Amino acid sequence: MSNDPLLQPYQLKHLTLRNRIIVTAHEPAYPEDGMPKGKYRSYTVERAKGGVALTMTAGSAAVSRDSPPVFNNLLAYKDEIVPWIREMTDAVHEEGAAIMIQLTHLGRRTRWDKGDWLPVLAPSHHREASHRAFPKKIEDWDIERIIKDFADAAERMKAGGMDGIELEAYGHLIDQFASPLTNELEGPYGGALENRMRFCLDVFRAIREKVGEEFILGVRYTADECLPGGNGRAEGMEISKRLRDSGLIDYLNVIRGHIDTDPGLTDVIPIQGMANSPHLDFAGEIRAATQFPTFHAAKIPDVATARHAIASGKVDMVGMTRAHMTDPHIVRKIIEKREEDIRPCVGANYCLDRIYQGGAAYCIHNAATGRELTMPHIVAKADVRKKVVIVGAGPAGLEAARVAGERGHEVVVFEAANNPGGQIRLTAQSERRREMISIIDWRMSQCEKYDVTFHFNTWAEADTIEAEKPDVVIIATGGLPHTEVLSSGNELVVSSWDIISGDVKPGTNVLIFDDAGDHAGLQAAEFIAKAGAKVEIMTPDRSFAPEVMAMNLVPYMRSLQKHDVTFTVTYRLEAVEKSGNQLVAHVGSDYGGIARQQNYDQIVVNHGTIPLDELYFELKPKSSNLGEMSHDQLLAGKPQSVIRNPEGRFQLFRIGDAVAARNTHAAVYDGLRIAKDI
């Protein structure tokens with residue numbers, strides 16, 4: 001048996017967990033009609049195949065109709081969920097993993113205009129800033145009803161074959177009872193800590209009566225709200241001990257912080273540029289104080305940190321949840337002594353930010369996650385070896401090269417720059433986003449493993465490509481900044497790339513006109529503000545940087561507000577003219593009726609990219625498919641067979657921003673789904 005701390009089994013009650021790594025409960029927003037159907041099941045089973053000891057699903061499944069699914073949650077209050085749960089649990093158990101599910105009532109952490117339009121509930125009328133709903137103050141009959149709902153939902157989960165359930169307390173209704181900031185009830189459920197905890201313990205008692213003593217029950221709860229007037233560290237220790245002493249539960253899953261605002265949520269679940277494992281020591285203090293099984297997860301993205309968490313005795317089971325969205329086979333690779341092959345989580349948080357914006361969770365650089373029914377995590381060998389030539393070593397080109405190499409093809413990559421990375425290398429110029437370069441570094445190491453040939457500092461032309469005698473050519477040349485968006489004065493502005501790369505020095509009074517709403521605009525603003533300039537960010541949109549999304553916006557705002565950056569929404573930069581050593585910005589509005597002039601010494605335009613596609617169009621008439629891609633074959637996972645030019649000597653495709661300005665995930669997805677069928 002291995003002496004690796006992570007690979008030691010752990011006995012939780014009657015359940016033997018095969019190692020110390022878990023995927024904690026999270027809602028990837030894959031349910032269909034509130035049920036864990038094929039997409040949800042295949043995603044969950046993939047992590048079991050990868051060797052994880054315990055996968056927890058749902059973050060969280062709703063137990064009541066007045067806890068509507070703002071994150072496309074599973075609906076645990078419906079009897080029809082049981083057979084779907086059974087299919088999923090049976091499949092996970094067949095792979096040797098345990099499976100649990102998290103149950104909740106969201107309380108005020110939802111909206112009244114979702115689901116059945118029932119009033120939002122909480123132990124006070126205080127709304128949650130994130131979801132904005134003013135709740136009804138909960139009544140005694142609501143409490144009785146919801147306790148029963150929890151118990152009934154737990155019974156359904158046991159009938160579906162779950163090994164146990166975890167109650168989601170933190171930020172949800174149970175913790176809204178526990179916190180003095182959100183509980184203004186009188187009587188048995190309000191006032192002293194003992195009363196504020198009563199709801200949680202009454203729920204557990206009702207569940208135990210339904211599921212018996214052997215079924216595993218746990219709770220993910222806040223042990224320190226980190227808010228003035230809330231439950232602090234001392235109260236958290238007391239709550240932890242009372243939960244242990246209740247005799248109703250089998251483990252604690254420790255959280256520190258609050259999630260009622262975007263900044264609070266981001267501190268609980270840190271993103272790139274923030275410290276790894278910031279709450280691990282605190283979880284260790286809870287375990288030491290309670291001597292009770294303790295789980296924890298919060299930005300533990302790498303094996304070394306997880307190993308330390310177990311070896312040092314800080315926790316009994318360590319959660320690597322986002323890391324398993326990036327690579328579901330972490331444990332298998334540890335067992336096979338292939339840790340260098342683990343695809344790294346870069347903390348970009350594309351996964352969670354998409355959920356909170358109402359979309360499905362996708363990893364920024366593993367396009368197979370959440371698409372297990374159609375996309376492979378392990379690429380099969382091709383029947384016939386081909387020569388694949390790729391132009392461009394950004395994320396799209398490198399993913400195509402990696403996948404084609406794994407397929408067993410001969411792969412040659414041409415890149416005009418002296419280093420791989422494309423726009424990601426530019427992104428990584430920001431200290432806070434340096435982790436992004438791992439997207440490139442990992443692919444380069446994988447390409448080396450598959451003997452991919454690279455030609456850097458090489459401007460590939462049509463003759464260069466044809467001399468390689470390729471079977472397939474993939475153009476992944478990306479794009480260049482698009483700044484030609486004004487009626488006049490385009491030559492007077494610079495791009496966000498110019499600023500981020502250092503090619504243009506920041507001015508002293510700068511306007512950033514952001515008509516793309518992505519990271520580049522805010523990164524440029526951060527560079528300029530840190531240089532000491534006065535900065536205004538202007539957008540014609542009704543909110544700024546909509547493509548950055550909630551949790552990624554938090555570090556930007558903390559930095560930009562500190563530097564007194566001005567944000568101006570619903571105004572459009574229309575033209576620029578020079579006046580002495582100043583630039584005059586002509587500003588209007590899509591809403592009409594506005595025409596004003598403002599002076600700056602530098603104007604930055606962020607308007608996405610224009611495809612760098614000359615080579616593609618030069619090669620197009622020489623290709624057998626004339627560049628055409630069959631969408632039907634692409635989406636069906638079949639090889640491309642279009643022939644429009646029988647004299648053509650190679651197939652030609654283009655991917656990523658060489659097609660149109662999108663994002664890193666789209667580029668990686670393009671590379672995977674075209675190359676996997678070559």
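Analyst: In sorting residues by class, Ala, Val, Leu, Ile, Met, Phe, Trp, Tyr, Cys and Pro are taken as nonpolar, Asp, Glu, Lys and Arg as charged, and the others, including Gly, as polar. The model examined here is predicted.

With those classes, the lining of the largest cavity divides into 20 nonpolar, eight polar and seven charged residues. This cavity has a volume of about 520 Å³. Its lining is made up of 35 residues, and those closest to the centre are Ala 25, His 26, Arg 220, Ile 269 and Leu 352. Two helices, H11 (321–326) and H13, each contribute at least two residues to the lining of the largest cavity. In total, the count comes to six cavities of 30 Å³ or more.

Helix H13 also takes part in an open space. The second largest pocket has a volume of about 720 Å³. It is lined by 27 residues, of which Ser 130, Asp 262, Tyr 356, Gln 357 and Ala 550 are the closest to its centre. Helices H8 (262–268), H13 (350–356) and H20 (550–562) each supply at least two residues of this pocket's lining. H20 provides the largest share, six residues. By class, the lining of the second largest pocket comprises 15 nonpolar, five polar and seven charged residues.

The axes of H1 (residues 38–49) and H2 (residues 81–94) come within 9 Å and cross at roughly 20°. Angles under 35 degrees count as roughly parallel, and H1 and H2 are therefore roughly parallel to each other. The crossing of H1 past H2 is right-handed. On the H1 side the contact is made by Tyr 40, Arg 41, Thr 44, Val 45 and Ala 48, and on the H2 side by Trp 84, Glu 87, Met 88, Ala 91 and Val 92. Seven residues of this contact of H1 with H2 are nonpolar, one is polar and two are charged.

Helix H7 (residues 233–245) packs against helix H9 (residues 280–290) at an angle of about 50°, and their axes are 10 Å apart. That angle makes H7 oblique to H9. H7 passes H9 with a right-handed crossing. Arg 233, Met 237, Ser 240, Lys 241 and Arg 244 of H7 meet Phe 282, Glu 285, Ile 286, Ala 289 and Thr 290 of H9. The contact of H7 with H9 holds four nonpolar, two polar and four charged residues.

Further along, the axes of H14 (residues 395–406) and H16 (residues 437–449) come within 9 Å, with a crossing angle of roughly 30°. H14 and H16 are therefore roughly parallel to each other. H14 passes H16 in a left-handed crossing. H14 contributes Pro 395, Leu 398, Glu 399, Ala 401 and Arg 402 to the contact, while H16 contributes Ile 440, Trp 442, Arg 443, Met 444, Gln 446 and Cys 447. By class, seven residues of the contact of H14 with H16 are nonpolar, one is polar and three are charged.

Methods. Residues numbered from 1 in each chain as written. Predicted model: local features only at pLDDT ≥ 70, side-chain atom pairs only at ≥ 80, totals over all residues. Heavy atoms only, no water. 1 Å grid on protein atoms, 1.4 Å probe; cavity = no way out; pocket = protein on both sides within 12 Å on 5 of 7 lines; lining within 4 Å. Points joined across faces, edges and corners; volume = space filled by probe spheres on them. Helix = DSSP H or I, 4+ residues; strand = E, 2+ residues; numbered from the N terminus. Axes fitted to C-alpha atoms, helices over the stretch in contact; angles between N-to-C directions. Parallel < 35°, antiparallel > 145°, perpendicular 65-115°, else oblique. Left-handed = near helix turned anticlockwise from the far one by under 90°. Contact = heavy atoms within 4.5 Å.
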